[in-house]
Amino acid sequence: MEAQQPEGDRGRSPEGDRGRRVEPRHVRLLLPLLRSAAVVTAATVGYFLLPLDGNLDQQRTVTVLVLGLLGIGVLLALQAISIARSPHPRLRAVEALTTAVPLFLLLFSATYFLYAQEQGGHSFSEPLSRNDSLYFTVTVFATVGFGDIVPVSQTARVLTTCQMVADLVLVGLIAKVMVGAVRIGLQRRQPPSAPQPPERPERGPGPEGRNR
C-alpha cells in the first residue's frame with residue numbers, strides 16, 4: 001500500500017521547495033552590500049547635514065583627523081578578521097572596500113572643511129564649501145590634480161601631504177591585507193584532504209632469496 005501524503009503537502013513540488021530554500025541564501029548574500037550602502041549613505045548625509053561650522057582650532061582639527069584614521073584602521077582590522085572567517089570571503093572583501101574608502105574620503109573632506117572654516121579664505125586658493133572639500137579630496141585621492149583648488153597655507157599643504165601618504169597606505173592595506181584575508185578564507189572553505197599512507201621502503205633480496 002502506498003503511503004498517503006498529507007493534504008497540505010499534495011500541492012507542493014520539489015521545484016517550489018528548492019526555490020524557497022534558495023531565496024534566503026540570495027538575501028544573505030546581499031546583506032553585506034546593503035550594510036555597506038547604509039553606512040556610506042548615513043555618513044554622507046551626516047557630512048552634509050551635521051553642523052560642522054563650529055570654531056575649531058588647528059589642534060582640535062588634527063585630533064579629529066587622527067582619531068578618525070585610527071577608527072578606520074580598527075575597522076579594516078576587524079573586517080580582515082571577518083573576511084578570513086566568513087563563508088563568502090570575496091563578498092565581505094567588497095563590503096570592506098566599499099565601506100572603508102568612502103569613510104576615508106569623507107573624513108579628509110570634513111578635515112579640509114573645518115580647517116578652511118577656521119582659517120577663512122587663506123588656507124586654500126578659494127573658500128571651500130562641503131562640496132568643494134569633497135571634490136578636492138577625491139581629486140587628491142585619484143591623483144587627478146586639476147589645479148583649480150590648491151592648498152596655499154603651510155598647514156593646508158601638510159594636511160594634503162598627509163592625505164597623499166594615507167592614500168598610499170590605504171591602497172597598500174587593501175592590496176595586501178584584504179587579498180590575504182580572502183586567500184585565508186578560501187583555504188578555510190576547502191575540505192581537508194585525506195592523509196596519505198606513508199610509503200614503505202622497498203626491500204632488497206634477503207639472504208634467503210640469494211641462497212635460493
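Gln163 is buried, with a relative accessible area of 0%. Buried means under 20% relative accessible area, exposed means over 50%, and partly exposed lies in between (1.4 Å probe, protein chains only). This is a predicted model, where local features need pLDDT of at least 70, side-chain atom pairs count only at pLDDT 80 or more, and totals for chains, interfaces and linings use all residues. Residues are numbered from 1 along each chain as its sequence is written, and side-chain values use heavy atoms, leaving out hydrogens and water.

Start with the overall layout. The chain has 6 helices and 0 strands. Read from the N terminus, its elements run α-α-α-α-α-α. Helices (H or I, at least four residues) and strands (E, at least two) are DSSP runs, numbered from the N terminus.

Now return to Gln163. This residue lies in helix H5, which covers residues 154-189. Leaving aside residues up to four places away in sequence, Gln163 touches Phe104, Phe108, Tyr112, Thr137, Val140 and Phe141. Contact means heavy atoms within 4.5 Å.

Val179 also belongs to helix H5. Val179 counts as partly exposed, at 40% relative accessibility.

Finally, take the chain as a whole. Of its 212 residues, 30% count as buried. Among contacts between residues at least 6 apart in sequence, 77% join residues at least 24 apart. The chain exposes about 14,700 Å². Carbon and sulfur atoms supply 61% of that area. Accessible areas come from the Shrake-Rupley method with a 1.4 Å probe; for residues, only the protein chains shown count as cover.
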